[in-house]
Amino acid sequence: MTTEPPEPPAAESPSADLLAVLPRITRLSGALTKGRLIERATAEAGLALDRPAVGVLVSLRTADKPLRIGEIADRMQVVGPHVTRQVQALEKRGLVRRVGDPHDRRASLIEPTEAGTEAANRYVASLLGWFAEALGDWPQQDRDDLARLLTRLADDVTARLDRFEEDGGGEA
């Protein structure tokens with residue numbers, strides 16, 4: 001039994017504007033991947049780290065406080081054991097350390113060392129510099145709108161996907 005693909009939404013449909021954006025999101029994702037932006041920023045920052053390790057450092061950097069493994073995993077949208085392996089490797093390199101959780105003596109928190117903070121700062125500066133150049137000709141209002149709307153999109157999509165996962169993969 002074959003099913004027909006869904007008809008594209010009519011121009012007056014509420015989904016028509018989203019359909020127009022979908023190819024652009026796909027193109028942007030492909031451009032960032034093909035352009036190896038993460039890898040370029042990592043190299044420019046002088047870091048010999050893979051993407052997941054950089055993700056841990058950036059998660060800690062943007063948190064501005066020590067985090068539990070589970071909190072890092074949530075921020076990175078991965079499972080805890082994956083983060084545990086990354087943290088262990090970063091510890092061996094002197095980029096993160098474990099500290100006691102003041103609210104739970106059985107648990108530990110992860111924080112960047114001075115070297116880890118410097119590495120994360122170099123990476124973030126490289127990445128932000130690239131985006132600043134890409135958006136350099138944009139008026140400030142457009143940049144502000146992009147930041148506001150992209151934040152809203154990321155928050156809403158993430159929340160919807162979280163509800164989807166909580167419902168056991170059912171309709172979100």
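**A loop residue and its contacts**

Modeller: Leaving aside residues up to four places away in sequence, Ala 45 touches Arg 122 and Tyr 123. Please note that this is a predicted model.

Colleague: Where does Ala 45 sit?

Modeller: Ala 45 is in the loop between helix 2 (37-44) and helix 3 (51-63).

Colleague: How far apart are Ala 45 and Tyr 123, in sequence and in space?

Modeller: Ala 45 and Tyr 123 are 78 residues apart in sequence, and their C-alpha atoms are 5.0 Å apart in space.

Colleague: And is Ala 45 buried or exposed?

Modeller: Ala 45 counts as buried, because its relative accessibility is 5% and the cut-off for buried is under 20%.

Colleague: Let us step back to the whole chain. How many helices and strands does the protein have?

Modeller: The protein has 7 helices and 2 strands. Along the sequence, the pattern reads α-α-α-α-α-β-β-α-α.

Colleague: What share of the residues is buried?

Modeller: Of the 172 residues, 23% count as buried. The accessible surface of the protein comes to about 12,500 Å², and 55% of that surface belongs to carbon and sulfur atoms.

Colleague: What about contacts between residues at least 24 apart?

Modeller: They make up 44% of the contacts between residues at least 6 apart in sequence.

Colleague: Now the strands. How do strand 1 and strand 2 run?

Modeller: Strand 1 (residues 96-101) and strand 2 run antiparallel, joined by 6 bridges. The two strands form a hairpin, with 2 residues between them.

Colleague: Which residue stands opposite Arg 98?

Modeller: Arg 98 stands opposite Ile 110, which is in strand 2. The side chain of Arg 98 also meets that of Glu 91 in a salt bridge, at 3.1 Å from N to O.

Colleague: What is the relative accessibility of Arg 68, and what is the relative accessible area of Asp 101?

Modeller: Arg 68 counts as partly exposed, at 33% relative accessibility, whereas Asp 101 is buried, with a relative accessible area of 8%.

Colleague: Which residues are linked with Arg 68 and Asp 101 in a network of salt bridges?

Modeller: Asp 104 and Arg 106 are linked with them in that network.

Colleague: Tell me about Asp 104. Where does it lie?

Modeller: Asp 104 lies in strand 2, which covers residues 104-112. Asp 104 is buried, with a relative accessible area of 16%. The side chain of Asp 104 also reaches the backbone nitrogen of Arg 106, at 3.0 Å.

Colleague: What about Arg 148 and Asp 145?

Modeller: The side chains of Arg 148 and Asp 145 meet in a salt bridge, at 3.7 Å from N to O. The two residues are separated by about one helical turn, because they are 3 residues apart in helix 7 (residues 140-166).

Colleague: A last topic, then. How many aromatic pairs does the structure hold?

Modeller: The structure holds 1 aromatic pair. Trp 130 and Phe 131 form that pair, with 4.9 Å centre to centre and 90 degrees between the planes, and the arrangement is edge-to-face.

Colleague: Why does the pair count as edge-to-face?

Modeller: The planes are 90 degrees apart, and an angle over 60 degrees counts as edge-to-face.

Colleague: What are the relative accessible areas of Trp 130 and Phe 131?

Modeller: Trp 130 is partly exposed, with a relative accessible area of 41%. Phe 131 is partly exposed as well, with a relative accessible area of 33%.

Key:
Residues numbered from 1 in each chain as written. Predicted model: local features only at pLDDT ≥ 70, side-chain atom pairs only at ≥ 80, totals over all residues. Heavy atoms only, no water. Helix = DSSP H or I, 4+ residues; strand = E, 2+ residues; numbered from the N terminus. Buried < 20%, exposed > 50% of the residue type's maximum accessible area, 1.4 Å probe, protein only. Polar contact = N/O pair within 3.5 Å; in protein donor to acceptor, adjacent residues only side chain to side chain. Contact = heavy atoms within 4.5 Å. Areas by Shrake-Rupley, 256 points an atom, 1.4 Å probe, with all protein chains shown as cover. Pairing = 2+ DSSP bridges. Phe/Tyr/Trp six-rings, centres within 6.5 Å; stacked < 30°, edge-to-face > 60°. Salt bridge = Lys/Arg side-chain N within 4 Å of Asp/Glu carboxyl O.
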